[in-house]
Amino acid sequence: MARLLVVQDRLTKVDVLVTLGGDSERELYAAELYRLGLAPKIIMSGCGSSASKMAKRAVKAGVDDSDILLEEHAESTYENALFSKEIILAQNFKSAIIVSSPYHMRRTKLAFERVFKNTGVKLLYSPTKDSGFNVDGQCKSERDRAIVRREYIKFIYYWFRYW
């Protein structure tokens with residue numbers, strides 16, 4: 001069941017990375033993608049000070065602070081998509097890589113695809129590499145089993161709430 005939550009696209013260069021608030025490895029992975037030249041800008045999307053804290057960690061990891069756009073209003077994955085869309089369209093970006101934790105990617109893709117429908121913006125999805133989440137589907141730890149249970153509950157909620 002854990003493996004079904006993970007979405008991983010083949011990455012190509014895009015206009016912007018969109019990093020969702022939450023687990024701390026997300027902004028570090030976005031910084032790695034930025035340093036590899038996959039995107040010249042990063043949107044840090046999270047509620048209040050969470051986005052600026054993410055930005056500070058990304059700058060320490062080698063991202064130029066002028067290349068970070070803050071989205072500080074989102075309080076849910078759906079709002080991450082909604083408010084990031086405003087920035088992406090305003091900046092005339094045509095493509096993005098969405099960065100989140102492996103277990104969070106299926107719900108992230110569901111929300112972003114819904115919000116970005118008919119915009120023409122190409123979205124790719126890339127989960128972090130160092131989350132500690134066992135993506136092979138084994139769920140050997142109680143932590144992984146709890147994450148999977150919680151994520152499926154949220155996924156069902158999103159399905160009924162937004163579709």
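So, which parts of the structure cover the buried residues of H2? Before I get to that, some ground rules. This is a predicted model, where local features need pLDDT of at least 70 and side-chain atom pairs count only at pLDDT 80 or more, while totals for chains, interfaces and linings use all residues. Residues are numbered from 1 along each chain as its sequence is written, and side-chain values use heavy atoms, with hydrogens and water left out.

Okay, H2. When I say helix or strand, I mean DSSP runs numbered from the N terminus: helices are H or I with at least four residues, strands are E with at least two. Helix H2 is residues 25–35, and because 8 of its 11 residues are buried, it's largely enclosed by the rest of the structure. Buried means under 20% relative accessible area, exposed is over 50%, and partly exposed is in between, using a 1.4 Å probe and protein chains only. Among the buried ones are Tyr29, Leu33 and Tyr34. And the cover? It includes E1, strand E2 (42–45), H3, E4 and E5. Just after H2, Gly37 takes a positive phi of about 85°.

Asp67 sits in the loop between helix H3 (49–60) and strand E3 (68–71). Is Asp67 buried or exposed? Buried, with a relative accessible area of 15%.

Now the cores. A nonpolar core is a set of buried Ala, Val, Leu, Ile, Met, Phe, Trp, Tyr and Cys residues joined through side-chain atoms within 4.5 Å. The largest has 23 residues, and Val18, Ile88, Ile98, Phe112 and Leu123 touch the most other members. Elements that each supply at least two of its residues include strand E1 (16–20), helix H4 (77–90) and helix H6 (142–162). There's also a second, separate core of 20 residues, which includes Leu33, Ala55, Ile68 and Val99. In soluble globular proteins, nonpolar side chains tend to be buried together.

Last stop, Trp159. You'll find Trp159 in helix H6, and at 44% relative accessibility it counts as partly exposed.

That's my tour, thanks!

Terms used:
Contact means heavy atoms within 4.5 Å.
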